[in-house]
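Me: I have a structure open and want to go through some side chains with you. Can we keep it quick?

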Amino acid sequence: MRIWPLNIKAQENAATEKVDIENTNLKKVHVPQKGEAGSFWENRGDRYHCGVDLYAPENTEVVSIEGGIVTETGLMTSPEILPYWNPTYYVIIEQSSGLFCKYGELADFTVRKGDKIEAGNLIGHVGMVLNSKKIDGSCPLYIQNLKHKNPSMLHFEVWRSKPITVHKNYLGGNWFAEEMPENLIDPTGYLEQLDL
């Protein structure tokens, strides 16, 4: 079984209220298509986007699409890396289908490396990657254009084998070279086929 990764129902409740995922209807949000903001391999001027951004309110619950094993968790963005970033995190799950899914730009995560999880298990919450107070004229144009939009989202990547998390060309879910990493997959079709 595969399910949608965002518990959109959570946005209708107070941020501190715990939502029972098994009794909540998961609702799909728009999957950005080629050429749209947040789409896979979107050309951002100085970088290419390695996943898709699923826009959702901050603190929306993020659940595992499939069962699998948590292979890694870690820091994705931080003001120590780039001053206009807030701290966000990622979770990588080797899904039962054999694909590796990276759930990124999370405010927090609720799983640990080695955890066995089922489809629908809570793995974290949607975060806010940009700190609009720190965006100025020295930032890349792509970032400057987001200063007043500052959307919260789940950044989602799919890989054939273990995802790249540390590489000279990879930073914050973006690839700073024109040639795509060999094992990176466009997650658009995968997401569009998920059950609700």
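Me: What does the side chain of Arg44 make a polar contact with?
Reply: The side chain of Glu42, at 3.1 Å. A polar contact is a pair of N or O atoms within 3.5 Å; within protein, one must be able to donate a hydrogen and the other to accept it, and residues adjacent in sequence count only if both atoms are side-chain atoms. This is a predicted model: local features need pLDDT of at least 70, side-chain atom pairs count only at pLDDT 80 or more, and totals for chains, interfaces and linings use all residues. Residues are numbered from 1 along each chain as its sequence is written, and side-chain values use heavy atoms, leaving out hydrogens and water.

Me: Where is Arg44?
Reply: In the loop between strand S1 (6-7) and strand S2 (48-49). Strands (E, at least two residues) are DSSP runs, numbered from the N terminus.

Me: Buried or exposed?
Reply: Arg44 is buried, because its relative accessible area is 9%. Buried means under 20% relative accessible area, exposed over 50%, and partly exposed in between (1.4 Å probe, protein chains only).

Me: Which residues does Arg44 touch?
Reply: Gly38, His49, Asp53, Tyr142 and Asn174, not counting residues up to four places away in sequence. Contact means heavy atoms within 4.5 Å.

Me: Now salt bridges. How many are there?
Reply: The count comes to 5. A salt bridge is a side-chain nitrogen of Lys or Arg within 4 Å of a carboxyl oxygen of Asp or Glu. Arg44 forms one with Glu42, with the closest N and O atoms 3.1 Å apart. Arg44 also forms one with Asp53, at 3.3 Å.

Me: And Glu42, buried or exposed?
Reply: Buried, since its relative accessible area is 14%. Asp53 is buried too, as is Arg44.

Me: What about Asp46 and Arg47?
Reply: Their side chains meet in a salt bridge, 2.7 Å from N to O. Asp46 is partly exposed, at 38% relative accessibility. Arg47 is buried, at 4%.

Me: Which residues do shared partners join into one network?
Reply: Glu42, Arg44 and Asp53.

Me: Last one: how many disulfides?
Reply: A search of the whole structure finds 0. The cut-off is a pair of cysteine sulfur atoms within 2.5 Å.

Terms used
Helices (H or I, at least four residues) and strands (E, at least two) are DSSP runs, numbered from the N terminus.
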